[in-house]
Amino acid sequence: MNAPVLIQPNRIAGKGRLSVADPMRFTFDGKTLPALKGDTVASALIANDIHLVGRSFKYHRPRGIVSAGPEEPNALLGIQRDVARHTPNIRATVQEVYDGLEATSQNRWPSLKYDIGEINDVVSPLLSAGFYYKTFMWPRKAWDKVYEPFIRNAAGLGKAPVHKDPDRYSSQHEHCDVLILGGGVAGLSAALAAAKNGARVIICDEQPTFGGALHFDTDIVIDGMDGFSWAQQAMAKLAAMDNVRVLTRTTAFGYYAQNYVGLIERVSEHLSAPSADLPRERLWEVRAKKVIIATGSIERHMVFANNDRPGILLASSARTYLNHYGVAVGKNVGVYTANDSAYAAAFDLKEAGINIPAIVDIREHPNAELVAKAKALGIRVLTGHGVMAAGGKLRVSSMSVAPVNGGAREVIPIDSIIMSGGWTPSVHMFSQSRGKVAYDAAKSRFVPGVYAQDCVSVGSCNGTDDLSAIIDEAIKAGEEAATYVRPNTSQVSISIEANGGNAWEGTLIGAAPGAEAGKVVKAFVDFQNDVTAKDIRLAVQEGFQSIEHVKRFTTNGMATDQGKLSNMHGLAIAAEALGKELPEVGLTTFRAPYTPITFGALVSHSKGALFEPTRKTPMHESEVAIGAVFEDVGNWKRAWYYPKGGEDMHAAVNRECKTTRTNVGMFDASTLGKIEVVGPDAAEFLNLIYTNPFLKLGVGKLRYGIMCREDGFIYDDGVVARIAEDRFHVTTTTGGAPRVLNMMEDYLQTEFPHMKVWLTSTSEQWAVIAVQGPKSRDIIAPFVDGIDLSAEALPHMSMAEGTICGVPTRLMRMSFTGEMGFEINVPADYGRAVWDTLYEAVEAADGCAYGTESMHVLRAEKGYIIVGQDTDGTVTPHDAGLDWAVGKKKTDFVGIRGLKRPDLVASGRRQLVGLKSIDGRSVLEEGAQIVEDPNQPVPMKMIGWVSSSYWSENAQKPIAMALIEDGFNLMGKKLYVPMANEVIEVEVCKAVFVDEEGGRLHG
Amino acid sequence: MRRFSGFAVAREAMRAHKGWGQQWDNPEPKSSYDVIIIGAGGHGLATAYYLAKEHGITNVAVLEKGWLGGGNTGRNTTIIRSNYLFDESAGLYNHAVNLWEGLSQDLNYNVMFSQRGVMMMAHNVHDVQVFKRHVHANRLNGVDNEWLTPEQAKAYCPPLDISKSARYPVMGAALQRKGGTARHDAVAWGYARAAAARGVHIIQNCEVTGIKRGQGGEVTGVETSRGFIGAKKVGVVAAGNTSHVMQMADVQMPLESFPLQALVSEPVKPCFPCVVMSNTVHAYISQSDKGELVIGAGTDQYTSYSQTGGLHVIQHTLDAICEIFPIFSRMKMLRSWGGIVDVTPDRSPIIAQTPVPGLYVNCGWGTGGFKATPGSGHVFAHTIAKAAPHKINEGYTMERFTTGRLIDEAAAAAVSH
Amino acid sequence: MLLIHCPYCAEERPETEFAHAGEAHIERSTEMNALTDEGFSKFFFYRDNTKGTTFERWRHIHGCGRYFNAARDTVSDKFLTTYKAGEPKPDLSKLVDDQTNAGAKS
């Protein structure tokens, strides 16, 4: 943009690393604001002297920016690139400004400054921790009609997107020797050491630039240059090495079993006009031989009254804003601390010309050198004092200071407070790796204790404070990791010289003076979820003794920042209230993700057409061309019906069924599973797998087979062809192919390993065209060579090999329609050509193509079952009327014992029968239930259900199959199907509705 | 027990909530009890509550190795429904729904039972057949369940994508309006408080390490990390750890324990009005009162007691969620976690006496036990008190795995063509 | 996602290449017909479901296709070893020692 740069009141000339030569603009709640390239939304807002950015979850209190990193609990904004690219709850401290970015505050109405929800803050005494468990119970129906909608509307933060996400995400699997999490001093030192020793290294950091604490700590000199410059040089050095991958803007979010670590890279969210080639985010799924955790530590806030007022920040964050972004957090900044780090921040601000009215230190005797330096800079230091309360509402305006041991209060006007309660080592990733933390009582912190995986922690996340010690520890870890992974390489040593950087002392966990037990003040522990010190004490008072209970009752640490600031404070307050030591109360579990992760990034490419593979038969396009409507069956698209001239499904199916029975129809049966079973023991193997006998099946013959699991229930069915003595062509149901092959392999490999049998899936190798109907032979005959198609030579349930349309075929005389029919197996690549040729002939003969719906009707007219429709995993072969398919003389087959269990041979089992609608016209609904007495009260005794039901154009009546208790003995009995608005009378019959004698099969 | 009410809250608000006492005591274990329940999850606590309330048996201890409600009770996605197919299941789960409807008042604890409706999506012809079978059976069993067209489903749940071009288009849905969600922690806490008020001892941080048996093989008590505690009857309600606990009494179980993961998104303003389940694409989602999308994943494939699972399982779940609800792609996962679910061969629970006299077991709830909590506790209390099953849980024996009389809801939805 | 060593391929591969196949060393009787109802039930339905080291079957379904066995700790999910189908159960005490030693190294 060419517009002149607007004034940014808090931007300090000469400070920071951003360039005024790169101006940008963005909007906040509709107002256009200037920024510099490299700003985060937070730094840009503060530069414009805006601290008030949102409202809290429960009390709707005005909130400002607290931190400069991913631990931010308050500054959550809606970020929008365009209407479809709206994202709620983005941390302003992480989101980089790009030209044109639109940011909106959340959880307020009608505006950020005047929020009606603020009434909650006024009535907050009513809204104590867990209050909702104690009320809203009367009247009984009012909870989900009245109270709950009210609560729901008040809760929530940003608004969910309402448009389909137009962005693209990417993912990549990566393997490396050493994965280093964190690009601060420790991570970079470890990376340099590991890389130098030949290890394949990945190093990642969540920030756009490496350096970690070097972003704010300008007192450090490494290898003769300022720390931040050293970090940039180290990063460049690493990036130039072939064995190193450097990932910025990349957060390690989850540490899973066996050194599997998930990283999220924000690829284009910082760009004003990202190239269409770029994904928004990229998921890295890294498997590392060794992980070096160098995730640093996070500064804690101080828990005092009204510590949530906008303008109150962490000290190191204020230092980041100044030293990296060139932004002062205020003009008149108070300091409240229990830790030395705040002094460094105060000095930097003071030296940048900011007024520091006082450093309030709860310690009686802080580091004398620091106190002396403060005094030398003209800063008043109040040791042994606390901030009893902050004044102001939409922006902090004063701090009320008093001696810790009691005494008069002094109100000091300020426009910002920076604070430090000490530092919490970031043990998140270590803990996620299932390592056990240990308590460092001297410094009141948890550090890595017992490791569970191949990883090591270095630097401040390991509780190492001294700069030289950090570097030594990191180099050692890097070198050791490299030699651990490549034991035969000789070790190369590196050295890094560092000066400056103080090991900051001092800590306060729990409530600060003035917010102790008994004080009725709002001293926030968890900002976003509005959990105060007194809420935690109330939880303990009400009997919640486990820290997990305290967390759940108060919601402490459950907000979007996942307790990065609040967990230790909450724990300390609970421990105090319980009268226990901290480690006795225990830490809550650290769970993935470390920071919230976009669903889309985890989904990556697995959406739309790539959500699951779509399987199409070789003839698919020809079917599309003749107008097929498709249905999903598993991953397959199957032709459902072929409407002509505006037919609906019903009309099309009627025509297809009629044409097939009276003339000829063709059907794409390619989706059926096919397994080639080969070997000298193949027949014996099938004899064990199927309930049917297979030993005596002749070469060139087909047999319908039933397969059970050991429990005796029907698992799958299909036709088996014996191609040769030692070769079978087995077919399975469409959905059953993989599990049938898996089951066969299981038995073959583990139970019958002595058998010489080989199994090969051939489902995709064969295209299958069923041609059925009285004219089927006439249709195919002209195209077939080398096979005698006569009824004598190729009777029903036999097969022969030859050619069709010049293509090799396994031609099977079989029928799933009850008509004379053929199933033509040809190599898949020829499927479409053969289909097209045959279809031309079929059409010329006034035949038709039929789809799965007509296939279902035609087979139901004959009472043939469909496994999964007429059986449901509780049906035995006997129940399905297929007792004939169970080899009575066999001494073993899968299911032989299960079938004999008491309940499977008991009387009264549901058996598959036919049903006639007595009115001759009502087509029953599949799934409808059957009763003997329709007038009985609910709950009714149901004796069965309708598994298949259709209008049969051929029989000119409705037909149905049903599983009914003792059905085989109920032939002719009148039963009832009670529907919502009527009762349909039915009569039990045999499940055959066309050609009961079966003569048509044999034409 | 100090009664909870809006009035009590208002009064306490005037005095900084100083008057609230402990919701339940944390007593030292006595030397013996009439009944010991192993496992202070929702089912175990409910059992203790109903033993006291319905059967006057108050000399009861509930032993918990960790913190009460810390297992699957506090880790599930809180879906409540009863539109099951078989009579046994419909009876059990509908019994639970009936109890849910008055539970807040009964316990004097707001468990936030919200009947926002549970909608199960059908994505293919087979789903339609299976769900319609459920709707018909439910109607005749007096269980609320209705069939919706895709347009009706969209009207009930506006974020739904019902476009015909979706990879798995929506072909309809079965809706149980009486179904919904409840606040899981409140269920455990409400039962704990109400049971404690009737004299039940809830003993946390008390791990059972052995089950003691007398001369006749009968149960005499349990060894724990806090010493031996005698008992006339012991009820094991240990969910994923049931096999492990039952092993202490030399009883092998028809169970396997699997990791089951779930996740929540960051909170957002109300955008999702009901519960949606899709078995075909494996997606289970609702929005909590806090505004988080609560999403259930599938189980990992291997048995485990680790309470963690693989990222790929979470990814598959989100694939499915974003497929049906493409608008959620920019939402963010806030927290994920795992539980251990104990699964029987027919995926239905066992609520029964065991071969060991005095030893009872309530287990095998798999991925869906939360919804049954009140019903489960109610009939299990009956089973323990009377040494005989309630009519509702008569079929839920261990013997069914010998006779073959299974209650196999999942098999009844068999996917095969 | 677990990393699993296939004893046939002699390689560690990601879990998604494998299918878990239940408890190991449960042999199908060669005399199925002779089993009692209880015996059949034990064979088909009852499982140790061990908390600790379990013996289980896996199939390298998207790899070599072979079934093999593994000893895995179900509390830590760590594999102690994998071995080919048909090989005897490895000595547990030795495996746990190896694991402890390996753990001490890291």
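Two residues are in contact here if their C-beta atoms, placed from the backbone, lie within 7 Å. The views below come from a predicted model, in which local features need pLDDT of at least 70, side-chain atom pairs count only at pLDDT 80 or more, and totals for chains, interfaces and linings use all residues. Residues are numbered from 1 along each chain as its sequence is written, while chains are lettered from A and ligands numbered from 1 in the order in which they are written.

**View 1. Chain B meets chain A.** Here 83 residues of chain B are in contact with 93 residues of chain A. Seen from chain B, the elements that each supply at least two residues to this side include α1 (6-14), α7 (184-197), α9 (311-324) and β16 (332-343). Helices (H or I, at least four residues) and strands (E, at least two) are DSSP runs, numbered from the N terminus. α5(B) gives the largest share of the side of chain B that touches chain A, with 10 residues. By class, that side divides into 36 nonpolar, 30 polar and 17 charged residues. For these classes, Ala, Val, Leu, Ile, Met, Phe, Trp, Tyr, Cys and Pro count as nonpolar, Asp, Glu, Lys and Arg as charged, and the others, Gly among them, as polar.

**View 2. A strand pair across the two chains.** Zoom in on β32(A) and β16(B), which run antiparallel and are joined by two bridges. Two strands pair if DSSP finds at least two bridges between them. Look for A:T598, which stands opposite B:K332 in β16(B).

View 3. The peptide bond joining A:A592 and A:P593 is cis, with omega about -5°. A:P593 sits in the loop between α14 (582-585) and β32 (597-598) of chain A. A cis bond also runs from A:V938 to A:P939, where omega is near 0°. A:P939 belongs to the loop between β48 (929-931) and β49 (942-952) of chain A.

**View 4. Domains 3 and 4 of chain A.** Chain A is divided into domain 1 (1-161), domain 2 (169-297 + 426-499), domain 3 (301-421), domain 4 (509-586), domain 5 (672-762) and domain 6 (872-1002); these bounds come from an automatic or database domain assignment. Taken over C-alpha atoms, the centres of domain 3 of chain A and domain 4 of chain A are 24 Å apart. Their contact takes 14 residues from domain 3 of chain A and 16 residues from domain 4 of chain A. On the domain 3 side, the touching residues are eight nonpolar, five polar and one charged.

**View 5. Inside the nonpolar cores.** The largest nonpolar core has 353 residues, and A:V178, A:A190, A:I359 and A:I418 touch the most other members. A nonpolar core is a set of buried Ala, Val, Leu, Ile, Met, Phe, Trp, Tyr and Cys residues joined through C-beta atoms within 7 Å. A residue is buried if 20 or more other C-beta atoms lie within 10 Å of its own, exposed if 12 or fewer, and partly exposed in between, with C-beta atoms placed from the backbone. Leaving aside residues up to four places away in sequence, A:I359 touches several residues, among them A:V335, A:Y343, A:I379 and A:L382. A second, separate core of 111 residues includes A:L672, A:F728, A:A960 and A:V977.

**View 6. Two positive phi values in chain A.** A:M797 is a residue other than glycine with a positive phi, near 65°. A:M797 is found in the loop between β42 (784-785) and β43 (798-804) of chain A. Is A:M797 buried or partly exposed? A:M797 counts as partly exposed because 18 C-beta neighbours lie inside 10 Å. For A:D995, also not glycine, phi is positive and near 50°. A:D995 lies in the segment after β52 (983-989) of chain A, and counts as partly exposed because 15 C-beta neighbours lie inside 10 Å.

**View 7. Chain C beside chain B.** Along the sequence, chain C follows the pattern β-β-β-α-β-β-β-α. Of its 106 residues, 31% count as buried. The contact takes 21 residues from chain C and 21 residues from chain B. The largest share of the chain C side, three residues, comes from α1(C). That side has six nonpolar, seven polar and eight charged residues.

**View 8. Confidence at the end of chain C.** Chain C averages a pLDDT of 91, where pLDDT is the predictor's confidence in each residue, from 0 to 100. Over residues 101-106 of chain C, pLDDT stays under 50. Where pLDDT is low, the predicted coordinates should not be read in detail.
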